[in-house]
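Opening the notebook on this one. I want to jot down what I look up as I go.

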Amino acid sequence: MLTSVLNDKESDLVNEVYRLDENPLYPIYIILPVDTESEEWKETEKQLVNWLDKSDQDIYLTTFQENIFTAIKRQIDYHMAQVRPKDILYEEVLENAIQCQMLNKRHFPCENILTKVKSFVLSNTSQPCIIYGNSGTGKSSMMAHLILKIPYWFLDPNSVSVIIRFLGTTPLSSDIRRPLISIIHQICALYHIDLSLSLNDSMIVQELKQLLEQIFTKIPTNERLVLLFDSIDQLQTENYDCSIWLPVNYPQNIKCILSTIPVIVETHTTHNKKEYKIVEGLMSHFNDATFIEITKFDEHLAQQVFDSWLQHDHRRLTPLQMNWLKPKLKSYIPPDRSDDPEPTPLFLSLLYDITLTWYSFDNEAEDSFLSIKRTYDAIKYLYNQMSKKHGEVLFKRAMTYFVLAGGLTDIELEDILSADNIVLQSIFVHYLPPLNIFRLPSILWIRIRNDMQKYLVEKDVDNTSVIYFYHRSFEHYNPFSREIPNLEFIRRAYFAENIGNFPNLNDQPFEIKAKKLIKKNNGISLLVVNRCLTKQLPAIIKVTFRTGIIQYLWVGFWRENLNVPITIKFEFLATLEEKLGDQSIFLNKETDIYYCEGQSYLRFYYFQRPKRIQLKRIQNLPPLNRIVYRYEDWGIIVNCALENGQLRKYNATIMTYLPVKFATLQENSSLREQIDYFEIQNNFIVTFDQAKCDVNLFTYSNRLSFVMHLRVPNAISQFAINSSYLLVFDCKNRLSIYSICSTPILLFETTEFYNESIKIHSLASSFLIVDGDKQQIFQINTDHPLVLRTITHLKIQCHSLLSTVVPKRVKLFILSDDNSTLTIWDLNTRIIKYLPTLINKSTQINKIYSLSTTIVFHDNRQRIYLWYIDNGNQIITFDHDRLEKEGNCLTLIDPNGNKLFVVHDINKSLYGDIRLEISLDTFCLTEDGKYLFGISQKESLLFMYRIDDWKCLEKIFIDNLSPLLKVSNDCLILLRNNELLLISIIDQDASTLKR
């Protein structure tokens, strides 16, 4: 693969340095060490690297680098093309299967437990079996082992299906509704059962329970189904009561097995403990259920388990090392009975992981290892070993923040650690990061997570996937008990942000402690930094009283000092005296929506605005059978009913980018008007502020992703962009080129055009500059060192700078000032042509556009002229009021009425019109010319029309929509409330808009 894009000499060098993998899915090269002192290597170097001069060396190395980059890119593209589309059910089943496989690696079969479970599975009992035991006793590994055993307890194993869910170990399994939904879908897929209704997260648990019971009756009686629910205790506390979601009785061919901890004690404060007696609740709910207890191991069984693990991994410990280990396999009950009896499977697993670091020549045990007697001690030893590797302060504080928060996302943990000066002072001893991105390096947390992956899982909390401990035993170990108040203060301050009297963690100064760094920093020890912490949404609640009065409250945290407990305070934002509709949706931090079924309008209540502008009415909507807005961390879900009764669902990804705060900006409100204009160029979205000095770049393949921010001193008048570089031409006539990366670098700058009128274009890997005053075309080829070169002189006058490019043909087109001549420059052949246009010289052309086969001229009298590239003698003229072009289609607004669209297909010479019910402020065609989208800012509506039959397919309301719209074949980019909005068109034939 790699050598296929290199020349012969380069291929020889690659084969010397790389070895081809023996059994690759696709050719992969693996770097091997090379003896550069050998004569063979020196000879190879002389043959392959023979520089003529420094410039030749630079060009060669640049070309070689680009070839390797291209090869790697092709290989990534190939493998990405092989990845199957994500299926939620498939992903959930696969994650549980992987968990099952991992647990079976360390499972040691307990025959007495298996015998009891087998007896239950083959019995005629209709109620579930509950396997219970204390934390770490091996319940999950037993459930995983049952997957392998159960089918072979029946005469026909092929007639047996086993469905397992390890609750709390995947993002979709912490809220019981999602496992139930996935199980229902899996059962329907297994037995080809058609669902009569669509399942979604908004369904209540009782509905899912009832549906599950109905589906049980549709399973053929000659088929066997066994459901396994592992770790009921990992669910949210309201789901501990299984009577709410779990059927009581099952058909004869269906069995259900649960596992759980008997009692869970949650400690909220020193004097406030809450017990959840799960097994007692199950006993009261299931009067005929089978209960099986898993107890601790005895010394003999513990030794057998340990030996089986060593044998499985083809390992052996020395007799001396086994002597260190044997005392820990004996039965141990803590004197104060604060912990469960040992040894447990978790304790043995931790001990085994410790032995993985031993060598055969180790002949002296650490005192800290010899003192291990229980799971708590083993976790302490593990933490100490991790602290030596990753740094004690960083590692132990990261684990403590997990315990305090009950789970955090990666970015939340990185933010909190970046806000903790003690953590940063322990890390930044020899160097300092940039002051405007003063954060914990992400790689440090990635390394910790990789080493702790066995003990961490992802679970779902409030629709957010967070990381937390797999075993509850890790929650009980607290390495920083004395510093809990300080750490909890930082955690709460991070989530509270500017609510209450918490400090602003983002801009808090950083004090350098390392003397070496103070000296390196010229004696300055206190720095003003920006930690780039994620912005938090304020907490706002809505309270509806029986009298009908509605109040909106702002929730804040308050603390006078570290010695005083944190209190919650409420502040009234607004009061609504009467309900504005039968139904309401609490949209976001400032908007509430009211509506009634059957109506065609919505009433918006902006409770944070002044009274005179708090209410807004949106009309001309489809009849509202059901409409729901739900604001989430990644965007808005909109369900709306169409006139024909169909329900459409739209997922809109929203991304707001607020640039780095500058010293002159004091409040977030100063940053709300940053996106004034945007456009798409070469697969990038480019946004500008009102002053045209702040530029932001985004990509938009599946969702909006921020690429870079650039601030220039002068307003940008023109710009061009390719895959790796951004060219800007400012109002001072300075031309600059920047690299496209997270921290853009100025690579090229010139004032060559200081007194000139120019037009810039991006074509292939080059930037082209048309100079109307000098009558020249300049080129900057970004495939080579950036140099401004004159490529040709023009024989026409072109002060008007009417020029355009056709990327597919790699050609530049320039119209002469008198309209008589069209100049065509071919970038590949480097040939220039001058062709007549047949346009009257008295016509005043003021714009020029390009389609794939046609050049479009636009005059000052609102007429357009089509000049066919392959047949330049043909000219077609249209009158219009406004114009939009894309692919091979033109869309025009009839000058006699702003509600009539005329669509013209250049290739097919087809015409058609669309008459609208309301006028549109802006409109765009998809690149393939199949669909037209338009925006009515007054009504805040987005319309979708199909060009083939001029039918309005969709009409969707988006609050505070701006009249800016860009469309590609598969997505729309909009602007609302200074937020970029990406809507993907997944199934165009069905005209469905989804995320």
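Which residues touch the most other members in the largest nonpolar core? I kept in mind that this is a predicted model. That core holds 98 residues, and the ones with the most contacts to other members are Ile 131, Leu 146, Ile 150, Ile 257, Tyr 383, Met 399 and Met 452. I checked which helix gives the most to this core: α12 (residues 345–355) does, with seven residues. Apart from this core I found another, of 43 residues, including Ile 163, Ile 181, Tyr 191 and Ile 278.

Skipping its neighbours within four places in sequence, I listed its contacts: Val 117, Phe 120, Val 121, Cys 129, Ile 131, Met 143, Leu 146, Ile 150, Val 226, Leu 227, Leu 228 and Phe 229.

Then a loop. Ser 159 sits between α6 (139–149) and β4 (160–166). Is Ser 159 buried or exposed? Its relative accessible area is 11%, which is under the 20% cut-off, so I put it down as buried. Not counting residues up to four places away in sequence, Ser 159 touches Asn 222, Glu 223 and Arg 224.

Last, a sheet. I traced four strands in an open, antiparallel arrangement, in the order β24-β25-β26-β27. β24 (677–681) and β27 (705–711) are the edges, each pairing on one side only. Ile 680 has Ile 685 of β25 opposite it.

Notes
Residues numbered from 1 in each chain as written. Predicted model: local features only at pLDDT ≥ 70, side-chain atom pairs only at ≥ 80, totals over all residues. Heavy atoms only, no water. Pairing = 2+ DSSP bridges. Helix = DSSP H or I, 4+ residues; strand = E, 2+ residues; numbered from the N terminus. Buried < 20%, exposed > 50% of the residue type's maximum accessible area, 1.4 Å probe, protein only. Contact = heavy atoms within 4.5 Å. Core = buried A, V, L, I, M, F, W, Y, C linked by side-chain atoms within 4.5 Å.
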